[in-house]
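Visitor: I would like to learn how to read a few features of a model. Could you take me through them one at a time?

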Amino acid sequence: MKTGKGLRLAAAALAGALALSACGGGGDEAADGPASLRVTVWSANEAHLKLFNEIADEYRKSHPNVSAITFDPLPFENYTTTLTTQIAGGNAPDLAWVFENSASDFVTSGALLPLDDTLKKAEGYQYDDISPATLKLWQDGGKLYAYPFSTSPFGVFVNTDQVKKAGQKTPAELIAAGQWTWENALATAAATARSTGKAGLVIRDFDYKGWDNLSTFWTGWGAQAWSEDGQSCGFAAPEMVDAMTTLHKAIFTDKALPGPGTTADFFAGDAAMTVTQISRASLLKDDGFGWDLVPLPAGPKGDYAVVGQAGIGVFKKSKHADAAADFLAYLTNPTNSAKLAQFFPPPRQSQLTAETLAKTNPKLKPEQLQKVVIDGITSGVVKPSHAGQAELSQQVRAALDPLWKADADVKTVLDGVCAKIQPMLAK
């Protein structure tokens with residue numbers, strides 16, 4: 001666990017790295033010769049990279065000024081930290097994937113190149129087709145600093161074979177009966193875990209570290225990490241206490257979720273259900289198990305949706321910033337946006353139809369695409385995001401650590417979270 005000094009250093013590293021990348025401008029591409037572009041991405045998935053490379057190869061055929069385009073996968077767990085280290089070490093990529101939880105720091109730092117003019121001028125780009133709601137997180141002062149590459153709602157993938165084997169109703173059956181709630185979802189997960197000896201439900205990428213992924217759960221109780229204006233801590237609110245009390249009981253009493261130190265991969269058949277995004281559908285094997293994809297269960301506050309967003313930006317200090325921006329315009333034009341939609345739900349309004357998405361999502365049914373993806377984008381709230389997220393996130397994670405014990409006092413722990421972060425939020 002990082003000390004307070006370590007946390008301050010982590011936050012300072014992000015701020016310092018972004019400041020470094022904000023200094024100066026792009027190099028002279030003519031003088032430097034053909035551009036070799038590097039794009040950092042979070043996914044090492046073969047299907048994702050294959051599609052990225054196919055688009056890049058097609059672009060290079062008509063752009064001899066670009067000699068190579070390399071997609072550089074960085075581990076999801078420490079993606080932003082690794083990217084920050086590269087920037088600070090003078091090895092910044094030309095383009096980078098940016099998560100929603102660090103969007104504010106990147107967008108307001110001055111490190112990224114404004115994209116509006118390049119995108120609007122690109123032939124056939126149809127900039128006005130991009131939903132204004134998807135742009136908000138990536139804008140500052142009326143300028144766009146990263147393209148909302150993926151606006152992906154969370155859903156629940158279900159191993160229907162395991163659920164049926166345990167003698168439980170499937171989520172689809174619960175939905176049909178108007179009973180798809182967190183209470184019933186957790187009961188199903190616990191019963192399936194007892195019957196199969198495998199995990200019940202896994203909130204993917206949480207692993208008792210990525211706490212912001214728990215927003216896929218607590219939002220059903222009307223809870224928030226902090227207020228809409230970012231000034232007030234929400235962890236000690238009654239709604240959050242209720243949500244986390246339910247989660248704690250599900251983990252330590254009912255065993256509906258695997259406890260700390262236990263790893264279970266749904267896509268390897270190790271769990272009955274997992275909360276994640278549709279980009280993970282590529283991990284499903286044709287000869288694997290029977291599966292389904294359904295919306296998040298309703299919470300005490302009713303139906304809801306949570307969205308994860310990722311943007312792609314161009315570093316202003318890139319030696320080939322103009323070429324990088326031009327490639328980004330190509331990567332995200334209507335044609336390629338439709339291709340990428342098989343993994344990453346697009347921000348283009350014309351492409352957010354079940355019929356359009358079904359063309360590139362053969363594994364998913366139109367009904368699944370409508371209820372999980374399209375309806376989720378329309379009504380969903382974005383995962384927690386705040387300026388100074390690097391230090392803030394580490395403080396929340398450290399303050400939540402005592403919660404992941406069987407005898408934890410939930411309210412006391414959550415009061416402690418607010419005691420830690422309220423001074424930071426009030427700045």
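Guide: Gladly. Let us begin with a term we need for packing: contact means heavy atoms within 4.5 Å. Please keep in mind that this is a predicted model.

Visitor: With that in hand, what covers the buried residues of H18?

Guide: A residue is called buried when its relative accessible area is under 20%. In H18 the buried residues are Val410, Val413, Leu414, Val417, Cys418, Ile421, Met424 and Leu425. Their cover includes helix H12 (238-252) and helix H17 (389-400).

Visitor: How many Å should helix H18 span, and how far apart are its ends?

Guide: The expected span is 1.5 Å times one less than the number of residues. H18 runs over residues 410-425, which is 16 residues, so it should span 22 Å; the C-alpha atoms at its ends are 22 Å apart, in agreement.

Visitor: Where does H18 have a kink?

Guide: Look at alanine 419, where the kink is about 30 degrees, shortly before proline 423.

Visitor: Let us turn to a loop. Is threonine 332 buried or exposed?

Guide: Threonine 332 sits in the loop between helix H13 (321-331) and helix H14 (334-340). Its relative accessible area is 1%, so it is buried. Its side chain reaches the backbone oxygen of leucine 328 at 2.8 Å. Leaving aside neighbours within four places in sequence, threonine 332 is in contact with Tyr125, Tyr147, Phe149, Ser337 and Arg348.

Visitor: Finally, in which sense do strands E1 and E2 pair?

Guide: Strand E1 (residues 35-41) pairs with strand E2 (residues 66-73) in the parallel sense, over seven bridges. Together with helix H3 (residues 46-61), E1 and E2 make a right-handed β-α-β unit.

Methods: Residues are numbered from 1 along each chain as its sequence is written. This is a predicted model: local features need pLDDT of at least 70, side-chain atom pairs count only at pLDDT 80 or more; totals for chains, interfaces and linings use all residues. Side-chain values use heavy atoms; hydrogens and water are left out. Helices (H or I, at least four residues) and strands (E, at least two) are DSSP runs, numbered from the N terminus. The bend at a residue is the angle between axes fitted to the seven residues ending there and the seven starting there. Buried means under 20% relative accessible area, exposed over 50%, partly exposed in between (1.4 Å probe, protein chains only). A polar contact is a pair of N or O atoms within 3.5 Å; within protein, one must be able to donate a hydrogen and the other to accept it, and residues adjacent in sequence count only if both atoms are side-chain atoms. Two strands pair if DSSP finds at least two bridges between them. A crossover is right-handed if, with the strands pointing away from the viewer, the path from the first strand over the helix to the second runs clockwise.
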